Number of protein chains: 4
Amino acid sequence: MPHQELQRRIEASFAQQGLMRVIEARIAEARPGRCTIEAPFRKTLTQQHGFLHAGVLTTLADNACGYAALSLLPPGQEVLTAELKVNFLRPARGVLAIARAEVLKPGRTLTVARAEVWMRSEDGTETLCAAMQATLVPSVTI
Amino acid sequence: MPHQELQRRIEASFAQQGLMRVIEARIAEARPGRCTIEAPFRKTLTQQHGFLHAGVLTTLADNACGYAALSLLPPGQEVLTAELKVNFLRPARGVLAIARAEVLKPGRTLTVARAEVWMRSEDGTETLCAAMQATLVPSVTI
Amino acid sequence: MPHQELQRRIEASFAQQGLMRVIEARIAEARPGRCTIEAPFRKTLTQQHGFLHAGVLTTLADNACGYAALSLLPPGQEVLTAELKVNFLRPARGVLAIARAEVLKPGRTLTVARAEVWMRSEDGTETLCAAMQATLVPSVTI
Amino acid sequence: MPHQELQRRIEASFAQQGLMRVIEARIAEARPGRCTIEAPFRKTLTQQHGFLHAGVLTTLADNACGYAALSLLPPGQEVLTAELKVNFLRPARGVLAIARAEVLKPGRTLTVARAEVWMRSEDGTETLCAAMQATLVPSVTI
């Protein structure tokens, strides 16, 4: 699939996700087998210590895995997350969350992907805050 | 800890979580080793097929696990999620999401909890949509 | 499927697993959606503290999940584990390890199961030592 | 810690693991934050299709994660696996299983590591068969 068409296809799916607007996420990059999604730190999305909520980090990483998987499937398909596992490594403070995903094993039925969520601080340094391993399936499968 | 004090303590922590307001979640029940959190279905919280987003189900289940764990710790502590794993079992359609968590193994350092997320439909029937197993740690630990 | 035929089918698959003989495991029970597998504590199967190795607990739980899943599939199929997650809750000491699995969500493509591994001591008391959540697929799928 | 002392320390712990002799595993490499463990394919360690059993792949990857974590802790400590998650990506056929682990986030209380298990065929090519993400704790912690 040409790169531009891939970008369009992923943007179209992304635009249908209400939750992405709520957390102000955007696709920073999409190429075959990879996807990066970013979202700004917002006070409205925190947990009880004022850090970005684990649920937000998970949402970003999950979506990045999903679109990395989708990028390798034939047009017309969608993917669903069958399961995910995520370790939270450090408190998520900073100005921007960046979820970078990569397909580890593509497959017609099951795709396995990994993602890492980095927090960028005001001075531009990035800190690894979460690591995910997830299994995705075409939406016709479940 | 008396039941009322437990409820107060969890409500106080919950109120500090910006994300809980965004998804309109509320604590439906909290007792030693257990916690139930509910949130209404909202179009703004969907994924690309119009179902409640996996990230929202995860957020609810994660918080329910966290407060189930907190309920067994000495006052003055907070908990963080070290890691979680969640399987998505069915599309999350309905009017209310209900995350029910239970501590499987309490511990001074590590607490292991399980949660299930059920979707209630308009006619009151409930469908199991997600199952989580998570590891929580006191916030002084990480 | 009649109960006896289910038992026979699972025993036949089990007998082909070299590893089951090495750890002296046996199927204690198999009925639709459930399976229990047991193995005696052996010094040869320990980790560095003399407890049963996490890998052995995982193997027992994984197999119990697999046969619980298989019990709900049409004859002639086999299952593979797509992924598993296991928490180790307490040191595995005692005389017998008992892995009890149950299907949480059957499916044509994906089956989700949970297992718990209990250690039985000489006086017959049982202690919960590990908890698993796993995704199984028919062997034609991967 | 000098490299030789690290190697000795890990070998000493490894030698106490009965299960490692059963699966004929050996430490191929150990340096700060990394560990590689190998084991030959054996008919006795298979599942029902004649592939290396998921439990064996998990055992190797778990141990590699454990020693990668141990390599960064002060002498005199041991580690335990708190939890692990592993995806099985391809059937494990070949002559040698190689589990390569790396610490993603070291910590006084929690260490997070990742491992990959590769199968080497007779002609020397390697195939990625499993991917793990695990949480380790010092053995005094649980």
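Me: How do β4 and β5 of chain C pair, and over how many bridges?
Reply: In this predicted model, strand β4 (residues 96–105) of chain C pairs with strand β5 (residues 111–120) of chain C in the antiparallel sense, over 9 bridges.

Me: Which residue does Ala101(C) stand opposite?
Reply: Ala115(C), in β5(C).

Me: What sheet has β4(C) and β5(C) in its order?
Reply: An open sheet of 12 strands with antiparallel pairing. The order is β1(C)-β2(C)-β4(C)-β5(C)-β6(C)-β3(C)-β3(D)-β6(D)-β5(D)-β4(D)-β2(D)-β1(D).

Me: Which are the edge strands?
Reply: β1 (26–31) of chain C and β1 (26–31) of chain D; each of them pairs on one side only.

Me: And what does the twist average?
Reply: From one strand to the next, the average is 20°.

Me: What holds paired strands together in general?
Reply: Strands of a sheet pair through backbone hydrogen bonds, parallel or antiparallel.

Me: OK, helices. Which strands does α3(D) lie across?
Reply: On the chain C side, β3 (79–88). In chain D, α3(D) lies across β1, β2 (34–40), β3 (79–88), β4 (96–105), β5 (111–120) and β6 (126–138). It runs at about 40° to β4(D).

Me: At what angle do α3(C) and α3(D) pack?
Reply: About 150°, with the axes 9 Å apart. Both helices span residues 54–70 of their chains. The pair is therefore roughly antiparallel, and the crossing is right-handed.

Me: Which residues make that contact?
Reply: From α3(C), Ala54(C), Gly55(C), Thr58(C), Thr59(C) and Asp62(C). From α3(D), Ala54(D), Gly55(D), Thr58(D), Thr59(D) and Asp62(D). By class, the contact of α3(C) with α3(D) has 2 nonpolar, 6 polar and 2 charged residues.

Me: Switching to A and B. How do α3(A) and α3(B) pack?
Reply: At an angle of about 150°, with their axes 9 Å apart. That makes α3(A) roughly antiparallel to α3(B). Their crossing is right-handed.

Me: Which residues are involved there?
Reply: α3(A) contributes Ala54(A), Gly55(A), Thr58(A), Thr59(A) and Asp62(A). α3(B) contributes Ala54(B), Gly55(B), Thr58(B), Thr59(B) and Asp62(B). The contact of α3(A) with α3(B) has 2 nonpolar, 6 polar and 2 charged residues.

Me: How many residues of chain A are in contact with chain B overall?
Reply: 31 residues of chain A, and they are in contact with 31 residues of chain B.

Me: Which elements of chain A supply at least two residues to that side?
Reply: α2 (18–22), α3 and β3 (79–88). β3(A) gives the most, with 9 residues.

Me: What's the makeup by class?
Reply: The side of chain A that touches chain B has 10 nonpolar, 16 polar and 5 charged residues.

Me: How does β3(A) pair with β3 of chain B?
Reply: In the antiparallel sense, over 5 bridges. Lys85(A) stands opposite Lys85(B) in β3(B).

Me: What rotation superposes chain A on chain B?
Reply: One of 180°, with 0.0 Å of shift along its axis and an RMSD of 0.0 Å. The two copies are thus related as by a two-fold rotation axis.

Me: Which residue of chain A comes closest to the rotation axis?
Reply: Lys85(A), with its C-alpha at 2.0 Å.

Me: Why say the copies meet through the same surface?
Reply: Because 100% of the interface residues of chain A are also interface residues in chain B.

Methods:
Residues numbered from 1 in each chain as written. Chains lettered and ligands numbered in written order. Predicted model: local features only at pLDDT ≥ 70, side-chain atom pairs only at ≥ 80, totals over all residues. Axes fitted to C-alpha atoms, helices over the stretch in contact; angles between N-to-C directions. Helix = DSSP H or I, 4+ residues; strand = E, 2+ residues; numbered from the N terminus. Parallel < 35°, antiparallel > 145°, perpendicular 65-115°, else oblique. Left-handed = near helix turned anticlockwise from the far one by under 90°. Contact = placed C-beta atoms within 7 Å. Nonpolar A, V, L, I, M, F, W, Y, C, P; charged D, E, K, R; others polar. Pairing = 2+ DSSP bridges. Least-squares fit on C-alpha atoms with pLDDT ≥ 70 in both.
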